[in-house]
Each structure stands twice: as structure tokens, then as C-alpha cells.
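Take a moment with the sequence and the model below. Then follow the text through it, one part at a time.

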Amino acid sequence: MHDKLFHSPVALTVGLGFKREIASLAEMHDFLTNWTTSRRGPLFRNAVKACDLAVPGYVTIEQARRALVEFAQAAGILWPDLEPAAGVHAVARGSGGYAA
């Protein structure tokens, strides 16, 4: 398969909190091919079809990427935009946690 790159990778949660970035149609195809059979549904089939159609150019690479993102969101495996540590805010001490 000729490797066509996405404008930006799709980050997915795999295993126990490990991130995998999918940056091309070849990587997308590999990931979907190895996806758990019992968790395949309509959005999975949509992503596979979009990937297959993007190889010869029947749909754009970005349409295939979007189908992967939609599937990942529905499956609960889309990596969060913010790293967990980035969302933590320091609390001021000595004033009950509130600024005066």
C-alpha cells in the first residue's frame, strides 16, 4: 500500500494508557485490521471503507482520517487533547484554596 500521510496524526489510547499515533493510511489500515473483532461496529466498518477508498483516491486522505477519529471517539480510544498533568491547577495554601 502506498503510504499517504495525514496532515496530523491521530493519537489513540492502546493498552493501559499507552498512546499510539496513526499518521498514514498504511498505519490506519494496520490498526483497523488488528482491532478486536468483538468491538467492530458501523463506525469501524465506515473507517475501514474510507481507508480502502482513500488508497486509490476515491475519497480524500482527510476524509479517511475523519472516519478514524469518529470511530475512535465512539470506541472511547481517542487520546485526550490535554495530557492529564496539563489540566491540573495549583491551589493556593493558607486561604482555604481561594485567592483573597
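In which strand is Ser24 found? Ser24 is found in strand β2. Before going further, note that this is a predicted model, in which local features need pLDDT of at least 70, side-chain atom pairs count only at pLDDT 80 or more, and totals for chains, interfaces and linings use all residues. Residues are numbered from 1 along each chain as its sequence is written, and side-chain values use heavy atoms, with hydrogens and water left out.

Start with the overall plan. The protein chain has three helices and two strands. Here helices (H or I, at least four residues) and strands (E, at least two) are DSSP runs, numbered from the N terminus. Read along the sequence, the pattern is β-β-α-α-α. Of the 100 residues in the protein chain, 28% are buried. Buried means under 20% relative accessible area, exposed means over 50%, and partly exposed lies in between (1.4 Å probe, protein chains only). Contacts, meaning heavy atoms within 4.5 Å, also say something about the fold. Take those between residues at least 6 apart in sequence: 48% join residues at least 24 apart.

Now return to β2. Ser24 has 0% relative accessibility, so Ser24 counts as buried. Its side chain reaches the backbone nitrogen of Glu27 at 3.2 Å. Leaving out residues up to four places away in sequence, Ser24 touches Asp3, Lys4, Leu5 and Phe6. Ala23 and Ala11 are 12 residues apart in sequence, and their C-alpha atoms are 8.7 Å apart in space.

Next comes Leu25, in helix α1. Is Leu25 buried or exposed? At 0% relative accessibility, Leu25 counts as buried. Leu25 and Asp52 are 27 residues apart in sequence, yet 8.6 Å apart in space, C-alpha to C-alpha.

Turn to the charged pairs. Side chains of opposite charge can pair when their charged atoms come close. A salt bridge is a side-chain nitrogen of Lys or Arg within 4 Å of a carboxyl oxygen of Asp or Glu. By this rule the count comes to two salt bridges. One joins Glu21 and Lys19, with the closest N and O atoms 3.8 Å apart. Glu21 is partly exposed, with a relative accessible area of 43%. Lys19 is partly exposed as well, at 41% relative accessibility. The other joins Arg20 and Asp30, with the closest N and O atoms 3.0 Å apart. Arg20 lies in strand β2 and Asp30 in helix α1, so this pair ties together parts that are 10 residues apart in sequence. Arg20 has a relative accessible area of 28%, so Arg20 is partly exposed. Asp30 is partly exposed too, with 38%.

Now look at helix α3, residues 61–75. Why should α3 span 21 Å? The expected span is 1.5 Å times one less than the number of residues. With 15 residues in α3, that rule gives 21 Å, and the end C-alpha atoms are 21 Å apart, which agrees. After α3 comes Gly76, whose phi is positive, near 75 degrees.

The buried residues of α3 are Ala64, Arg65, Ala67, Leu68, Val69, Phe71, Ala72 and Ala75. What covers them includes β1 (5–14), β2 (18–24), α1 (25–33) and α2 (42–54). Arg65 is buried yet has no salt bridge. The nearest side chain of opposite charge, Glu62, is 4.1 Å away. Beyond its neighbours within four places in sequence, Arg65 is in contact with Phe6, His7, Ser8, Pro9 and Val10.

Finish in the core. A nonpolar core is a set of buried Ala, Val, Leu, Ile, Met, Phe, Trp, Tyr and Cys residues joined through side-chain atoms within 4.5 Å. The largest one has 23 residues, and Met28, Phe31, Leu32, Leu68, Phe71 and Ile77 touch the most other members. β1, α1, α2 and α3 each supply at least two residues of this core. The largest share, seven residues, comes from α3. Leu68 touches Phe6, Val10, Ile22, Met28, Leu32 and Ala47, not counting residues up to four places away in sequence.

Notes: Lys and Arg count as positive and Asp and Glu as negative; His and the chain ends are not counted. A polar contact is a pair of N or O atoms within 3.5 Å; within protein, one must be able to donate a hydrogen and the other to accept it, and residues adjacent in sequence count only if both atoms are side-chain atoms.
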